[in-house]
Amino acid sequence: GLRANVISGLHLDAAADMAAFGIFFNQGEVCSANSRLYVERSIKEEFLEKMVARAAGAQPGDPLDPASKMGAIVDETQTQGIMGFVEAGKESARLVTGGERVTVDGKGCFVEPTIFETTQDNPLARDEIFGPVLSVIPFDSEEEAVAMANDSVYGLAASVWTDNLSRAIRVSENLHAGTVSVNTVDALSAGTPFGGMKQSGFGRDLSLHS
């Protein structure tokens, strides 16, 4: 299911590092990938610059080369599905970086790390693309960010980025997601129940608490 990442406040470099990891790790083919990124409007452009730099450093390469930051999409069908979202997004949203299918050594199902600035109602932000495609949406208030993050049929995982402990707890409690990480992504362990809400999953696994 889609993951909502809400960023507010300081520590932009650390947040950008983790936001990039959250969407580009394993080519974005992760059930809890950080595919929606809500950024406070006052820092949006600065944060986008940081994300573009991280996308540039995560270009796909030979999956057998340990230096490669991303490998191949699982198959041709999934690659075409991802590119369908990307091509439609080029007509309905602002393409910030990426957006192309590429080859490595003349072959393979490789997609550039791609970032769009879009709106809440765009399919880029509403459907599970399951690829290295990030939707960035600005917000002006905490309430707006939470409302948009919850405006989804999915609810597997979320992250909150803030330097305010009260806000971290308040927003975490208000997000409709099975797991909420604070100032990181995928804060999971064998002792923490994992599962989603709404159309993300049908229960919990991991730990005795499940």
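Student: Where does Met 148 lie?

Tutor: Met 148 lies in helix α5; helices (H or I, at least four residues) and strands (E, at least two) are DSSP runs, numbered from the N terminus. The model is predicted: local features need pLDDT of at least 70, side-chain atom pairs count only at pLDDT 80 or more, and totals for chains, interfaces and linings use all residues. Residues are numbered from 1 along each chain as its sequence is written, and side-chain values use heavy atoms, with hydrogens and water left out.

Student: Is Met 148 buried or exposed?

Tutor: Buried means under 20% relative accessible area, exposed over 50%, and partly exposed in between (1.4 Å probe, protein chains only). Met 148 has a relative accessible area of 12%, so it is buried.

Student: Which residues is Met 148 in contact with, leaving aside its neighbours within four places in sequence?

Tutor: Contact means heavy atoms within 4.5 Å. On that basis Met 148 touches Arg 36, Tyr 38, Gln 120, Ile 137, Pro 138 and Phe 139.

Student: How do I read one face of a helix?

Tutor: An α-helix has 3.6 residues a turn, so residues three or four places apart point the same way. In helix α6 (residues 165-174), the buried residues are Ala 168, Val 171 and Ser 172. Down the axis of α6 they fall within an arc of 105°, so they line one face of the helix; the arc is that of the directions from the helix axis to the C-beta atoms. Their cover includes α5 (142-150), β8 (157-161) and β9 (179-182).

Student: What about nonpolar cores?

Tutor: In soluble globular proteins, nonpolar side chains tend to be buried together. A nonpolar core is a set of buried Ala, Val, Leu, Ile, Met, Phe, Trp, Tyr and Cys residues joined through side-chain atoms within 4.5 Å. The largest here has 22 residues, and Phe 24, Leu 37, Phe 47, Met 51, Ile 115, Leu 134 and Val 136 have the most contacts inside it. Two or more residues come from each of α1 (12-24), β2 (36-40), α2 (44-56) and β7 (133-139), and α1 gives the most, with 7 residues. Apart from this core lies another, of 13 residues, including Ile 137 and Val 171.

Student: Why is the chain said to agree with a compact globule?

Tutor: The radius of gyration is taken over C-alpha atoms, and the globule rule is 2.2 Å times the number of residues to the power 0.38. For 210 residues a compact globule would have a radius near 17 Å; the chain has 16 Å, which agrees.
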